[in-house]
Amino acid sequence: MKDELGESSQHFFLVMLVCCSLAWFWLQPTDMQEFAHSLIAIPYFVSNLLYWSEAGYWDTASELKPLLHTWTLAIEAQFYMIFPLSLILIWKLYQRWSLHFIISIGVFSFIITQWGAYTFPTANFYLLPSRLWEFALGAVIGVLLLNQKSTEYSLFSYQSVNKILIRELSGIIGLSLIFLGFFKLHGSLPFPSIFALLPTVGTGLVLIFASAKTLVGRLLSNQVFVKLGLISYSAYLWHHPLFSFARHRSLSGPSTKLIWVLILLSFLLAYFTHKYVEKPFRSHLEISQKTFFLFWLIGSLIFIEIGIIGHLTAGFSDRTLNRYFGHGNLEPFIPAKVVTQIQHNSIDRLLHENAILQIRLDSADSQFSHRQIHPEGFGLGPICDGASTSAPECRTHENPDILLWGDSFAMQLAPGILASNPDAKLIQMTKSVCGPFFDLAPIVEPDYPVGWAQECLAFNQQVREWLQQHTVKYAVLASPFSPYLLSDNNVLIRDHEVTEANLELAVQKFEQTLLELRHLGIQPIVVSPPPTNDLDLGRCVARAEWLGLPQENCNFIEAEMSNKRVRAYQFIDAIQGQSRVLHLEEMMCANGICRAYSGDIPLYRDARHLSEAGAVLLGQEYDFYGIITNQ
């Protein structure tokens, strides 16, 4: 246990040190603050809990979190801290039941996993209870191999041709399952779940049956594979930070050429880490517990202190780089344009002038970051995401004229409507990933399973009942609509029938919704989703200014429109005659170019949604209120 944590600590601390250096130069304050949180969590092996708590609809993309991959190592450490103690206790009390205990834990954990994959997928992914069965499988194999006697486990022996054949076939099947998992497992499948049996059972079969006397055993004993195996842990630690920082440094993502360079660099760094960090640690004389824990404690405290300061200063929002470096030395990392914007405020002065958790955000760069990355995005307020139809915070008047209904794409319109008319009588009824369909809800695995779709139908039924009892003149309906259209998804119809998402069904159910609104005396107005090429355009504009790069590089041509948007616009065209439509793509694209910013205002907050400032600008420029009320 001590050796495992010692090696992990050495690797962790080296990777974290390099990441801190790159983060200082390249991460914007918002990302830097999230990075600081990870520096606090990692030394104590709770980063999986951190990333679980951060996960959500508006969360930063996983590929932009440099130390996200440490969640697996946190789970491993938690297992090593808990499971051996439990096994020792069982061994002392009921030795002959130890194997049964491990199997029982594994079966129970697997049941949790399969249930959690469809009910609480994020917790299922990050937390130990739903991962225990994978460790239990390895523990069972370990017990069997430690006790393999020909009389008890005759299958492990080579006493007959049949047993040799079984071992050969089992090893081949195991390796095949691993490769099958590599090609068949993808992000749209709930994971971990029953699908995780492919790589885990495959690995188990290889561990049990592959040996120097089998084909698979001889293949995997090849020196090339052995050497790759020796550096694999180090390669795992290096690869994700390298790709993450490459994405932070680029506006549109790393090129294919750069990706291959980073892959080679990962293995190169892994080789040197293995040679100069891992091997010396293993070959060193036995390290005393006192020395080990002192090393771990001092290293942990250093990074935790950096993390705490990073949190308190909102991601070192007033980084005084030119105080410590020459102006010319900064240019390869932070261009002069940005250096001149950063105020000369030291961390010490910030901590001295402000109480804990009350740090100012008045520097040029922190204002910019807050303006571009942190608009609320919930319309009239965060409470309006799935709130009751009677919530007073989600209306601007007791007798509203306009209903704003849909998902986050409806939420984003509230600032624009109010900017075009501050006296607009508006009520917001919105729920994330829940479009304005009375009798249809999306199922987007793994994050939004059937249970979420049922909640969506229940929410929209509340909207229907409210409309039957109240009077509004206009209903503004907005959604990306793609979850209802793409064949990769399913949809839930109100009669509890689950079927594949498709354009025809979506058009039918939406037209029924529009017809029902008109029967209630309400004029529906459909708002198309903003154009996108699937890149994070909001972050692109913010990053361009942070790095001093041309913001024009964040614009894109209409021909690069994402397939999801193309399908959404086809859907809009199909219902064009049933309702008035407010076309955001016509406002944001001209002469074949779709703009990501206007002046110094970013129009997007992420890859899909308008920023609050962007919604205000478009609302004023095109008079959203006038379009809605047909004035």
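Select Arg494: at 26% relative accessibility this residue counts as partly exposed (buried means under 20% relative accessible area, exposed over 50%, partly exposed in between, with a 1.4 Å probe and protein chains only). The model is predicted, with local features needing pLDDT of at least 70 and side-chain atom pairs counting only at pLDDT 80 or more, while totals for chains, interfaces and linings use all residues. Residues are numbered from 1 along each chain as its sequence is written, and side-chain values use heavy atoms, leaving out hydrogens and water.

Arg494 sits in the loop between β5 (490-493) and β6 (498-500) and Asp439 in the loop between β2 and β3, so the contact ties together parts 55 residues apart in sequence. Helices (H or I, at least four residues) and strands (E, at least two) are DSSP runs, numbered from the N terminus. Asp439 is buried, at 18% relative accessibility.

Now select Arg464. A salt bridge of 3.1 Å, N to O, joins its side chain to Asp439. Arg464 belongs to helix α21 (residues 450-469), so this pair connects parts 25 residues apart in sequence. Arg464 is buried at 11%.

Finish at Glu516, whose side chain meets that of Arg464 in a salt bridge (2.8 Å, N to O). Glu516 lies in helix α22 (residues 503-519), 52 residues from Arg464. Through shared partners, salt bridges join Asp439, Arg464, Arg494 and Glu516 into one network. The structure holds nine salt bridges.

Methods
Salt bridge = Lys/Arg side-chain N within 4 Å of Asp/Glu carboxyl O.
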